[in-house]
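This report covers pockets, a cavity, side-chain pairs and a surface patch. Please read it alongside the structure.

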Amino acid sequence: AFCLLPSAFCLLPMQSYGAVPEGPDSPSADLNPDPTHHPDQPVLVPYKRRAKRHLMWVSVGGVVAGVILLVVLGVVLRGSSSSRNAPPFPDASRCLGSFELCPDTQACVLFSEDCARCSCGQFLCPNRWTCVDTADDYVQCPGLTGTHLDWTLSEEQRLDYLVRVTELEEKVHQLTNDAPAIERLGIPAYNWRSNDQHGVKQPHATSFPNGCALGATWSKQTLRNVGTAIGLEARGLYNGFTHMGLRGHGKDGMGVTLYTPNLNLVRDPRWGRSQEVFSEDP
C-alpha cells in the first residue's frame, strides 16, 4: 500500500493544463487546429495522455518496489526467528572448565584481558604467560605443583593451601555473592547465587513445579530425575556463559553452586517461603 501511494498522486495532474509545444508527437497533434493560433507559440492542452503514461510507469515501479520490500521483510523476519531459536552459546565446547573463549584470537583464558597472549585454540596457563596447545597439555603448565591446582593433592590439601596463601581482605571479599577474581592465584570471578530449587533460573532452562508440588508426588525417583536434569542444565549453562566471558556478576542462576531444596518443614503458612519446602509439619 505504501509503495502504491505515489500512484494516487499521479492522478492529480490529469485535470491540469499546461503549455506544451506543438509537434507531431505532442498531445495536441490529434486536436482540431486553431486557425488563429500561431505555430511558434505553445498551446494549452490537457496533460491527460502524458499523465496516463506517467501513472502507468509509477504504478509498475510501485508494484516492483512492493514485491522487493516483501521479500526483504521475509528474509529479515526469518533471520530474527532463526536467531531466537538458535543455541544461546557460540561454539561452547572449544574451551573447558572455567576458561572463556576469546572472540578475536579464539584462545582460552581465565581473564579476558589476557586474550592477546595465546594463539587460536591454545590455553593460557594460570601464570598468565605460558600457552599450551590443548586442554590435555594443561598439566604441563609451570607452577601447579603443591597449589590448589595440583590434581594429585586431595581436596582438603588444596583447600588448606588456599586458606594459607589468601590474605584476610581477599577472604572477606569471597563471602559475597559476586566474589571478585584473585588474579595472582589464577582464580576468576564467580557468582555463588543460583536459586535453582526447582530449575535453573535462566530462560533456556527447564522450570519444574515448586517444592510443594514436587513433594506431593511422594516419588523419590521423580525427584532424583528432576535433580539430575537441573544439575546437567546448570553445568551446561555455566560452561556456556563462562566461555562467553559472562561470569555472572549481578545475575542469578549462572553458577554451579545451587541453592538446594529447604529441608525444614513448613510450620507456619505466614512464613512466606513455603514454596521452597517439600512438606508441611504434620
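The largest pocket holds about 1200 Å³ of space. Here a pocket is an open set of points on a 1 Å grid over the protein atoms alone, with protein on both sides within 12 Å along at least five of seven lines. Its volume is the space filled by probe spheres set on the points, which are joined across faces, edges and corners. This is a predicted model: local features need pLDDT of at least 70, side-chain atom pairs count only at pLDDT 80 or more, and totals for chains, interfaces and linings use all residues. Residues are numbered from 1 along each chain as its sequence is written, and side-chain values use heavy atoms, with hydrogens and water left out.

**Open space**

The lining of the largest pocket counts 37 residues, and His148, Leu149, Leu162, Ile187 and Pro188 lie nearest the centre. Lining residues have an atom within 4 Å of a point. Helices H3 (155-165), H4 (168-173) and H6 (220-243) each give two or more residues to this lining. H3 supplies the largest share, five residues. Helices (H or I, at least four residues) and strands (E, at least two) are DSSP runs, numbered from the N terminus.

The second largest pocket has a volume of about 260 Å³. It is lined by 17 residues, with Asn195, Asp196, Gln197, His198 and Glu276 closest to its centre.

A cavity is a set of points where a 1.4 Å probe fits but cannot get out. The structure holds one cavity of 30 Å³ or more. About 50 Å³ of space lies in the largest cavity. Among its lining residues are Tyr190, Asn191, Tyr238, Thr242 and Arg247. Strand E8 (190-191) and H6 each give two or more residues to that lining.

The table gives the linings by class. Ala, Val, Leu, Ile, Met, Phe, Trp, Tyr, Cys and Pro count as nonpolar, Asp, Glu, Lys and Arg as charged, and the others, Gly among them, as polar.

| Space | Lining by class |
|---|---|
| Largest pocket | 24 nonpolar, seven polar, six charged residues |
| Second largest pocket | three nonpolar, ten polar, four charged residues |
| Largest cavity | five nonpolar, four polar, one charged residues |

**Side-chain pairs**

Arg247 lines the largest cavity and also forms a salt bridge with Glu100, with the closest N and O atoms 3.1 Å apart. Arg247 sits in the segment after H6 and Glu100 in strand E3, 147 residues apart. A salt bridge is a side-chain nitrogen of Lys or Arg within 4 Å of a carboxyl oxygen of Asp or Glu. The structure holds ten of them.

**Surface patch**

Val60, Val64, Ile68 and Val72 make a nonpolar surface patch of about 330 Å². Patch residues have over 30% relative accessible area and no salt bridge; like charges are joined within 9 Å, nonpolar side chains (Val, Leu, Ile, Met, Phe, Trp, Tyr) within 5 Å. Areas come from the Shrake-Rupley method with a 1.4 Å probe, and for residues only the protein chains shown count as cover. Ile68 belongs to helix H2 (residues 48-85).
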